[in-house]
Amino acid sequence: MLNILLLGVGQCGNRILDAVNHLSLGGGRFSKYYSQQQYASNVQTIAINTALNDLKEMKHTRAKDRVHIPYLHGVGANRNIGKQCFTENRDMLLRTIEERGNFDVAFVITSASGGTGSSFTPSLIKELKERYSFPIYAIIVLPFREEGTLYMQNAAFCLQEMRETSVNGIILVDNQFLKQTGKDIKTAYDGINRMVAERFLFLMRALDSEMMMVTDLGDFNTLMASGARLATFGFAKGERDQSIKDVIKHSMSPRGLLFSMLPYKEAVRAMIIIQGDKKYLDINEITDEVETLSSEVGHVFKGVLIRNKEQPQVLTVLSLSTSEELDKFYRAAIDAINKEKEQKEKTASQKEEASDLLKGMEPEY
Ligand SMILES: Nc1nc2c(ncn2[C@@H]2O[C@H](COP(=O)(O)OP(=O)(O)OP(=O)(O)O)[C@@H](O)[C@H]2O)c(=O)[nH]1
Ligand SMILES: [Mg+2]
């Protein structure tokens with residue numbers, strides 16, 4: 001049995017964590033009060049936020065799993081304030097985590113673009129890596145591109161700082177890419193959060209199974225250590241009569257991925273986990289698909305979980321070597337930073353001009 005620590009930081013992180021608890025507790029509004037988590041593993045969840053309202057909004061996470069960092073008005077998308085706030089509360093946070101016991105692996109979920117999650121997460125991971133030897137992965141949500149210059153700037157710096165820590169890997173989720181998930185922002189968020197939760201739980205189930213032919217945490221660690229330590233998830237559920245070959249393909253198609261990438265071109269390693277009733281899992285088709293992918297990307301870990309009477313489902317974890325989409329993202333973020341800078345300079349020069357003009361003048365009444 002694996003001991004897994006799952007942290008959700010900031011509003012986005014809290015909400016995705018809540019979606020994980022929702023799915024794993026079986027769904028009902030009050031299920032958190034009576035049902036057992038449906039994990040094989042021991043999963044400890046902790047939601048961290050500076051905003052009390054964000055914590056209160058959670059429906060499926062126990063009160064004892066919510067940690068409020070008192071800070072007068074939240075950190076308002078300002079990562080410098082966020083970092084200072086983290087430092088002031090570091091010891092309390094580390095103590096809270098330590099009290100939860102020993103872990104084999106940890107995941108930290110956050111958006112890259114807000115203030116709290118994006119500034120706490122790199123610092124927190126750095127502190128945890130200094131204290132513990134278990135691997136730590138981050139699940140990082142990128143913003144919609146039209147959310148404004150501050151969010152773009154925050155996201156670029158957050159990602160950069162994350163990559164400077166010794167985090168074992170970053171799993172990318174892109175709101176922009178997943179925009180079609182909902183007609184309005186709330187349904188889009190709910191849909192995306194559910195997608196992430198579903199994939200995360202699938203992975204946990206696969207890593208913690210005693211069945212033959214499954215992948216384990218060691219395989220996952222090796223996979224994530226390759227390339228740029230960046231990865232994303234793909235996923236698909238088989239419809240009636242769909243061949244397993246097609247389900248595998250779908251999991252790596254734009255409809256299945258959480259971040260825009262070209263699996264056969266940009267991945268360095270991959271993991272394909274297949275679950276379902278034996279009658280759907282044609283071993284020749286599976287081998288064919290795995291071989292096609294591995295001839296392009298190198299090693300592909302493969303796992304099969306037999307679940308009686310269940311339609312097939314496929315999870316792919318793709319670790320990235322390069323990413324055209326991420327390059328594009330950085331370029332847009334640098335434009336955003338320059339825009340902020342220009343605006344600041346404009347304001348400063350206007351102030352200077354006004355003070356020059358007013359020099360030596362007195363108010364006349
Ligand atoms: N997928 C998804 N994205 C979200 C959700 N809530 C917020 N976001 C995104 O997260 C970013 C904002 O970050 P938040 O997590 O709200 O910020 P925070 O960490 O709470 O930081 P502050 O509120 O600035 O202190 C934006 O890019 C939003 O689009 C959510 O429920 N799901
Ligand atoms: Mg917030």
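Why is strand 9 (residues 300-306) largely enclosed by the rest of the structure? I worked from a predicted model. I looked up the burial of the strand and found that 5 of its 7 residues are buried, so strand 9 is largely enclosed by the rest of the structure. For this step I took a residue as buried if 20 or more other C-beta atoms lie within 10 Å of its own.

I next looked up the pairing of this strand. Strand 8 (residues 267-276) runs parallel to strand 9, and the two are joined by 7 bridges. Within this pair, I noted Ile273 opposite Gly303 of strand 9. I then followed the chain from strand 8 to strand 9: the path leads through helix 11 (residues 283-297), and I recorded this β-α-β crossover as right-handed.

I turned to the domains. The chain is divided into domain 1, covering 3-208, and domain 2, covering 231-320. I noted 26 Å between the C-alpha centres of domain 1 and domain 2. To their contact, domain 1 brings 13 residues and domain 2 brings 12 residues.

Which elements give two or more residues to the side of domain 1 that touches domain 2? I found strand 6 (169-174) and helix 7 (185-207). Helix 7 gives the most to that side, with 6 residues.

Conventions: Residues numbered from 1 in each chain as written. Chains lettered and ligands numbered in written order. Predicted model: local features only at pLDDT ≥ 70, side-chain atom pairs only at ≥ 80, totals over all residues. Buried ≥ 20, exposed ≤ 12 C-beta atoms within 10 Å, placed from the backbone. Helix = DSSP H or I, 4+ residues; strand = E, 2+ residues; numbered from the N terminus. Pairing = 2+ DSSP bridges. Right-handed = clockwise from strand over helix to strand, strands pointing away. Domains from an automatic or database assignment. Contact = placed C-beta atoms within 7 Å.
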